[in-house]
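Hello,

Here is the structure I said I would pass on. My notes on it follow below the entry.

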Amino acid sequence: MVSSVVAGTVSDVTAATRKKATASQLLAAAVGAVPGGASRPGQEEMAAAIERAVKQREHLLVQAGTGTGKSLAYLTPALLVDGPVVVSTATLALQNQLVEHDLPRLADAVEPVLGRRPTFAVLKGRHHYLCAAKLEHADEEAPTDTLFDDAPPKATQWLGEVGRLGKQILRVQQWAEKTKTGDRDELDPGVDETAWRQVSMPARDCVGAARCPYGAECFAEASRVRAREADIVVTNHSLLAVDMLAERNIVPPHKLLIVDEAHELADRVSSAAQAELTPEAVERASKRARPLVSPAAAESLAEAADSLTVGLADIPAGRLTTGLPPLLHQAVLLIDSATRAALDAIGDVKNDDPDPVRKQQAKATLDDLSTTAQRLLEESQFDVAWVEKSDLGNGRRALVVAPLSVAGTLATSLYDERTVVATSATLTLGGRFDTVARSLGLPLAAPVPAARAAAAPPVSGDGWSSLDVGSPFDYPRQGILYVAAHLPRPAASGLPDAAGEELVKLVSALGGRTLGLFSSRRAATQAAELLRARSDLPVLLQGEESLPILVRKFREQRESCLFGVMSLWQGVDVPGDACQLVVIDRLPFPRPDEPLAAARAAAVDAGGGSGFAAVSVPIAAVRLAQGVGRLIRSTGDKGVVAVLDSRLETARGYGAFLRQSLPPFWYTTRPEVALGALERLAKT
């Protein structure tokens with residue numbers, strides 16, 4: 001009895017303390033704890049807006065430019081909310097940044113103000129955690145699964161590779177005796193994907209803690225328990241998307257959801273709702289089901305896999321605009337029939353099954369194939385189907401289906417029974433919030449005027465509003481946006497000769513320190529070869545070494561250049577004088593062979609609109625803004641962004657729209673101005 005009274009008293013004190021504290025007080029304490037920390041008006045405005053949105057139960061879109069300090073701006077008001085607050089990030093790297101750096105410092109700083117130390121937890125997908133049930137059989141499963149079952153579709157692995165796999169699994173077994181979380185990110189050095197698949201369990205294969213003989217010591221279940229008890233739960237967009245599609249039974253119940261890098265959420269939901277059929281997956285299902293079904297049923301699955309191989313053989317990669325071709329249609333029918341028969345034969349997973357884990361794995365694999373086959377056969381107008389063939393030489397072929405749009409899914413699944421704050425440095429396109437709002441499933445209150453205001457004008461709808469808090473950077477003084485308007489309009493893929501000459505002039509004027517963002521691997525390779533032939537500057541090319549190593553070398557070697565493709569447009573953060581020139585070879589419109597973008601544009605065209613304006617231009621705007629944003633990463637940075645695509649200046653309509661989506665750099669089309677600025681920077 002005494003214990004319960006004490007617990008109630010502590011809870012009352014905590015609630016009272018929370019009511020007394022304000023977001024501004026917590027933010028001030030957090031900023032004051034950072035060496036050299038100073039208040040930022042945009043950060044304070046954002047924190048206050050989130051605190052207000054939570055009280056009014058109103059959803060909020062917040063654009064917070066680079067350097068605003070948006071992490072603290074949303075974490076501090078989150079501490080005033082009772083129960084868990086969920087923060088979703090775009091990548092596991094950002095997730096780890098919050099959990100390992102930002103939140104521990106914040107907890108230390110606000111403890112005196114709150115009167116207690118806030119708690120936080122990380123929540124990842126089940127496959128990120130070690131599975132004791134899989135680990136028990138890892139040794140006996142490894143040779144079979146690796147050589148014939150779960151291995152990627154490539155040439156047969158040699159005995160040396162199997163030996164290497166065994167050593168990795170042994171290291172995992174030794175780590176398993178020490179780890180408290182089972183989180184793969186804590187395994188150092190790590191293991192490759194093939195090894196990790198032997199010791200982890202995807203959510204669809206899990207029988208649940210009640211039926212699993214290792215349920216009481218399940219690392220994934222323990223992570224969910226920690227999440228339910230924490231003040232702040234940090235997850236990622238991929239798991240958040242799965243949670244929405246699974247009727248929100250993964251992430252703990254919460255009143256406030258903060259979506260960081262929100263411009264990526266719709267794409268992650270599309271990926272989560274995407275499904276595929278491959279011959280390898282059907283073969284894997286046949287092998288898993290063989291001990292549980294008749295030989296005839298297993299043989300039917302194997303024949304279905306062969307049929308899919310034949311159906312995919314002569315179909316070119318790309319979108320299927322007139323339904324499934326006859327051979328593919330027949331293959332999908334066979335897969336549907338064979339998987340249904342196998343599922344009926346296996347029956348339900350029961351507590352007294354001799355091996356419920358493997359039975360569940362077989363059922364889950366078959367069920368996924370059956371559901372995907374039926375979805376493809378339905379040929380819904382709301383789905384897009386295409387054939388995918390890898391150009392990496394591994395022979396991968398797949399029949400893929402994905403939703404035409406996820407705005408409806410987001411509208412019905414994202415906002416119900418919680419307040420959602422969506423934030424990013426790139427939420428306004430063309431100077432407005434309306435494009436991103438529609439992609440996130442938010443209804444607009446009224447038609448939006450086309451004219452652009454001096455700053456991103458607020459947009460609102462039923463139960464939501466928007467806010468742009470700007471950036472602390474003085475973009476017109478810190479950077480130049482140079483568009484090479486004199487260059488010919490880019491045509492064929494690769495790097496045009498004129499653009500190559502312009503690149504050499506710009507990089508030579510600065511003496512390196514250049515991040516080159518290219519639209520294709522071919523263009524990046526041509527640029528690297530050209531600069532290596534025409535200068536002595538060290539040129540780092542994506543693909544020649546791992547990306548972390550390349551970025552580290554780029555930071556450390558003052559005269560180096562780093563050239564690469566789309567993954568560099570968002571993932572590189574190099575403040576200081578190591579990066580003072582960002583070169584973009586052409587506007588990053590989606591390729592015509594990108595099935596989803598092409599299908600969405602075609603749907604807009606069919607409805608009487610412009611698919612190019614409604615789909616391709618916004619995609620290019622987000623990508624371009626992310627790429628341009630690589631230049632200015634701190635208040636002391638200076639440099640030039642050079643776009644070697646004249647359309648940014650000359651194209652009517654969308655050229656201005658794209659420029660309005662970028663930070664307000666000092667703008668010029670005169671090459672002598674850009675070269676002069678780079679020459680002056682070279683002397684500093």
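Glu-417 lies in the loop between α17 (407–413) and β10. The model is a predicted one, and in it Glu-417 has a positive phi of about 60° although it is not a glycine. Most residues other than glycine have a negative phi. Glu-417 is exposed, with a relative accessible area of 68%.

Arg-513 also has a positive phi, of about 55°, and is not a glycine either. This residue sits in the loop between α20 (497–510) and β13. Is Arg-513 buried or exposed? Its relative accessible area is 4%, so Arg-513 is buried.

One more backbone point concerns a proline. The peptide bond from Asp-188 to Pro-189 is cis, with omega near 0°. Pro-189 belongs to the loop between α8 (159–176) and α9 (193–199).

Now the sheets. Seven strands form an open sheet in the order β3-β4-β2-β5-β10-β1-β11, and the pairing is parallel. At its edges are β3 (120–122) and β11 (464–468), each of which pairs on one side only. From one strand to the next the twist averages 15°. Within this sheet, β1 (residues 59–63) runs parallel to β10 (residues 419–424), and four bridges join them. Gln-63 stands opposite Ser-424 in β10. Helix α11 (residues 237–245) packs on the sheet, where it touches β2 (85–89), β4 (232–236) and β5. The direction of α11 makes about 95° with that of β4.

Asp-260 is in the loop that runs from β5 (256–259) to α12 (265–272). With 7% relative accessibility, Asp-260 counts as buried. What is Asp-260 in contact with, leaving aside its neighbours within four places in sequence? The residues are Lys-70, Tyr-74, Ser-88, Thr-89, Ala-90, His-237 and Thr-423.

Another open sheet has four strands, in the order β6-β9-β8-β7, with antiparallel pairing. β6 (275–277) and β7 (318–319) are at the edges with a single partner strand each, so one side of each has no neighbour in the sheet. Seven bridges connect β8 (residues 383–389) and β9 (residues 397–403), which run antiparallel. The bridge partner of Lys-389 is Arg-397 in β9. Helix α14 (residues 295–313) packs on this sheet and touches β6, β8 and β9; the direction of α14 makes about 85° with that of β9.

Strand β16 has partners on record in both β13 and β17. Four bridges join β13 (residues 514–517) to β16, and the two run parallel. Here Thr-514 has Leu-581 of β16 as its bridge partner. β16 also pairs with β17 (residues 639–643) in the parallel sense, over four bridges, and Val-583 stands opposite Ala-642 in β17. From β16, Leu-581 and Val-583 point one way and Val-582 and Ile-584 point the other way; all are buried.

Leu-587 counts as buried, at 3% relative accessibility. Not counting residues up to four places away in sequence, Leu-587 touches Leu-624, Val-643, Asp-645, Arg-647, Leu-648, Tyr-654 and Leu-658. The C-alpha atoms of Leu-587 and Lys-683 are separated by 31 Å, and these two residues are 96 apart along the chain.

In soluble globular proteins, nonpolar side chains tend to be buried together. The largest nonpolar core in this model has 71 residues, of which Leu-61, Leu-410, Leu-515 and Leu-658 touch the most other members. Helix α25 (residues 611–628) supplies the largest share of this core, seven residues. Beyond residues up to four places away in sequence, Leu-658 touches Leu-587, Phe-589, Val-617, Ala-620, Ala-621, Leu-624 and Leu-648. There is a second, separate core of 37 residues, which includes Ala-30, Leu-98, Leu-114 and Leu-256.

Last, a helix pair. Helix α2 (residues 23–32) packs against helix α5 (residues 92–114) at an angle of about 135°, with the axes 8 Å apart. That angle makes α2 oblique to α5, and the crossing is right-handed. On the α2 side the contact is made by Gln-25, Leu-26, Ala-29 and Ala-30, and on the α5 side by Leu-106, Ala-109, Val-110, Val-113 and Leu-114.

Regards

Conventions:
Residues numbered from 1 in each chain as written. Predicted model: local features only at pLDDT ≥ 70, side-chain atom pairs only at ≥ 80, totals over all residues. Heavy atoms only, no water. Core = buried A, V, L, I, M, F, W, Y, C linked by side-chain atoms within 4.5 Å. Buried < 20%, exposed > 50% of the residue type's maximum accessible area, 1.4 Å probe, protein only. Contact = heavy atoms within 4.5 Å. Pairing = 2+ DSSP bridges. Axes fitted to C-alpha atoms, helices over the stretch in contact; angles between N-to-C directions. Parallel < 35°, antiparallel > 145°, perpendicular 65-115°, else oblique. Left-handed = near helix turned anticlockwise from the far one by under 90°.
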